[in-house]
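Open the model in your viewer and keep the selection panel at hand. The stops below are meant to be followed in order.

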Amino acid sequence: MSRSLIVALALLMPLLLAACSDSIGDNPARASSEDDLLVSAAASLTDAFGEMETAFETAKPGVDVLLNLGPSSGLREQILEGAPADVFASANTSNMEQVIEAGEVAGDPEIFVTNVLQIAVPSGNSAGVTGLEDFANEDLLIGLCAEDVPCGDFGRTVLENAGVTPAIDTNEPDVRALLTKIEAGELDAGITYVTDVVSTGGTVEGVDIPDEFNVIADYPIAALVNAPNPDAAAAFLAFVLSAEGQAILNRYGFSSP
Amino acid sequence: MTTGRPAGGRTRRPPAVFIILGCLGLSVFVVPLVGLLARTPWSELPTLLRGDLVTDALRLSLVTSVAATAISAVVGVPLAWMMARIEFRGRALVRGLVTLPLVLPPVVGGAALLFAMGRRGLIGEPLNQATGLLLPFSTWGVVVANTFVAMPFLVITVEGALRNLDQRFEGAAATLGAGRWTVLRRVTLPMIGPSLVAGLVLTWARAFGEFGATITFAGNLQGRTQTLPLAVFVALESDRDVAVAISLVMVVISLTVLIALRERWWKVL
């Protein structure tokens, strides 16, 4: 009797595994129906695309936008592995290019916004930071993101472009950790994206970096070949690129291309 | 079949279910370690460990964990004594507060330290204005974070030992004319000695492995605040072989200390 139980369990195993992996796996397409529009967007677009969703649904009643937010590289992997999506908005061009190479993009992607780096200082800027040259000041508390995360990589490029050797006091593991310490006034200055500064709602102030030193990130958007809802995808793209869509993005610190 | 074993006999075999579950429990600790060993690039190990990143972090980790243990001994033992020997209202609260760092996510502890002792913190701001001392982003900040997270191990162990101690021994010594300090030095401390050492070892080991509170409160800078756990975290992003090599160093050091000192002292308990 115990043997038949084992056999039964062995037969059930694949089913159990399938059930588990299905519930664990990130499957954003599950809820898709005819009027759903699935938008895979970079995590840095979270707030702006949240508002975009509401505005688009008001302009296009009957379409329900589903936002699938995550790191651009993760979204890219989902698309390449066949998870259906209508629109892909990436925080950099390299992830979009890989999706194009795999033949997943319908038409040409468009750069819909750009994001630039900015010096982030605590509200009030008590240390009087005015530019990149202050990063060499040993008396100030300076933080950057760690060298191997994107914001740390870009931050160092900007300083290098300006010929400044920074007197770094801490290499924070990610941009949130860096912002938290600037927000608390524990650091005098750091380098983040301008949208990160805007997202703090005023507790962190931005000091502009001159264009000749700055790093500009292009955000491309495209409809996908296997879009379950191509009409709505085209309408969403047009809306994002319209004056109304751009105004929303500008409010969150993004620049129009 | 009827059981022919003598009731309560010492030769009775332990229940198989217990052995199986016990081994399963053990595997929770062993499996990740095996995974680490399987990933270790043994032949390149000496080269990987020779870098600045590793030697700086190792030195810093040893210095800060020992400093945190010393501070814990100086203030933690009296605290344990207070909790064990003095009846006061709110003792349950004090006990809860002391235990809190054991269950709190270290990141929360680090953030709390920042708000209290940061440059704009409740204590940190006046302290900075009066003395110019700045704890965040300094090696002292690492020591403070380590102490916060690790001291509970010492306090709880020593408090338990003091409460279990038969106070008649101290009473007898006092009756025989020993002064308060003599009683403490000649009777109390020797009797709780094993627990004291065990608590110190656990405190040191916890401080040696501290990550969350350190990176949140003290930041991450090579040679100043980047301890071994932080170096592992940073290396995971850039060079996994280095990360694995540092992890292995931490495992070897911690395991050696825990086994050597525990075996030697906890047998006495």
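**Before selecting.** This is a predicted model, in which local features need pLDDT of at least 70, side-chain atom pairs count only at pLDDT 80 or more, and totals for chains, interfaces and linings use all residues. Residues are numbered from 1 along each chain as its sequence is written, while chains are lettered from A and ligands numbered from 1 in the order in which they are written.

**Colour by confidence.** The predictor gives the complex an ipTM of 0.79 and a pTM of 0.77. pLDDT is the predictor's confidence in each residue, from 0 to 100. Chain B has a mean pLDDT of 89, with 93% of its residues at 70 or more. Within chain B, helix 7 has the highest confidence, at 96, and helix 12 (residues 240-266) the lowest, at a mean of 85.

**Select chain A.** Look for nine helices and nine strands; these are DSSP runs numbered from the N terminus, helices being H or I of at least four residues and strands E of at least two. Of the 257 residues in chain A, 40% are buried, that is, with 20 or more other C-beta atoms (placed from the backbone) within 10 Å of their own.

**Select the contact between the chains.** Chain A supplies 13 residues and chain B 14 residues; two residues are in contact if their C-beta atoms, placed from the backbone, lie within 7 Å. The chain A side has six nonpolar, three polar and four charged residues. Here Ala, Val, Leu, Ile, Met, Phe, Trp, Tyr, Cys and Pro count as nonpolar, Asp, Glu, Lys and Arg as charged, and the others, Gly among them, as polar.

**Select the core.** A nonpolar core is a set of buried Ala, Val, Leu, Ile, Met, Phe, Trp, Tyr and Cys residues joined through C-beta atoms within 7 Å. The largest has 86 residues, and Ala120(A) and Leu113(B) are among those with the most contacts inside it. Helix 7 of chain B gives the most to this core, with 15 residues.

**Finish on helix 5 of chain B, residues 106-117.** Its buried residues are Gly109(B), Gly110(B), Leu113(B), Leu114(B) and Met117(B). Seen down the axis of helix 5 of chain B, the buried residues fall within an arc of 140 degrees, so they line one face of the helix; the arc is that of the directions from the helix axis to the C-beta atoms. They pack against helix 4 (91-103), helix 6 (124-131), helix 7 (139-164) and helix 10 (212-217) of chain B.

How values were computed: A residue is buried if 20 or more other C-beta atoms lie within 10 Å of its own, exposed if 12 or fewer, and partly exposed in between; C-beta atoms are placed from the backbone.
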